[in-house]
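Trainee: Could you pick one part of this structure and take me through it closely? I'd like to see what sits around it.

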Amino acid sequence: MVMRPAYAFEDMQDPGTDLAFRIGTFEDDRLIARRLGSFRRMLVTAPTFQNQNPITDPKALAAIPCLTFRGDQPGATWTFTNKGKEVSVDVTGPIAVYDFGILLRLVREGQGAALLPDFMLRDDLATGRLTPYLPDYLAKAFPVYLTYRPGARRIARIYAVLTKAEELIPKLLTS
């Protein structure tokens with residue numbers, strides 16, 4: 001089995017694609033979709049960055065370097081909730097990357113604030129390498145689905161991967 005990480009929606013009717021993890025909403029009645037859980041993105045910075053850029057309101061993010069997850073241009077609209085109230089802010093920064101691993105490394109190096117999946121941050125938060133930025137403001141949760149074609153479980157190699165994914169992935173997700 002070959003794994004191809006991609007942020008585009010692969011054609012699940014292509015015989016070369018056996019299964020996929022889908023993030024967010026999912027609607028395709030030709031596929032089986034098993035919800036495995038959900039995750040949130042968490043706003044984090046390196047401690048030195050936070051000490052140099054203390055803020056108490058999400059609107060202040062518009063004035064600091066924010067590292068964004070997108071492939072076309074730096075900048076994004078980040079939305080948070082706090083005590084039932086939603087606030088959105090347009091952010092921009094020195095770089096936008098379509099790779100959470102690279103964003104994580106840049107944040108560790110103190111290059112800005114980033115909104116990263118919480119499951120990627122456990123070790124960095126526990127060791128103090130990263131700290132929550134505006135911890136009272138939460139980003140929305142994203143559901144995670146495991147998708148595959150009907151009948152795929154009858155193929156031994158696919159069955160083995162599906163079974164292991166259904167066992168392990170929910171343990172990684174927090175929400």
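Mentor: Leaving aside residues up to four places away in sequence, I32 touches L146, T147, Y148, R149 and P150 (contact means heavy atoms within 4.5 Å). This is a predicted model, where local features need pLDDT of at least 70, side-chain atom pairs need 80 or more, and totals for chains, interfaces and linings use all residues. Residues are numbered from 1 along each chain as its sequence is written, and side-chain values use heavy atoms, without hydrogens or water.

Now look at P150: 118 residues separate it from I32 in sequence, yet their C-alpha atoms are 6.2 Å apart in space. I32 counts as partly exposed because its relative accessibility is 34% (buried is under 20%, exposed over 50%, partly exposed in between, with a 1.4 Å probe and protein chains only).

I32 belongs to strand 2 (strands are DSSP E runs of at least two residues, helices H or I runs of at least four, numbered from the N terminus). Strand 2 (32-45) is one of the elements that the buried residues of helix 4 pack against, along with strand 1 (19-23) and strand 9 (141-148). Those buried residues are I158, L162, A165, E166 and I169.

What about the length of helix 4 (residues 156-172)? At 1.5 Å a residue, its 17 residues should span 24 Å, so the 25 Å between its end C-alpha atoms agrees (the expected span is 1.5 Å times one less than the number of residues).
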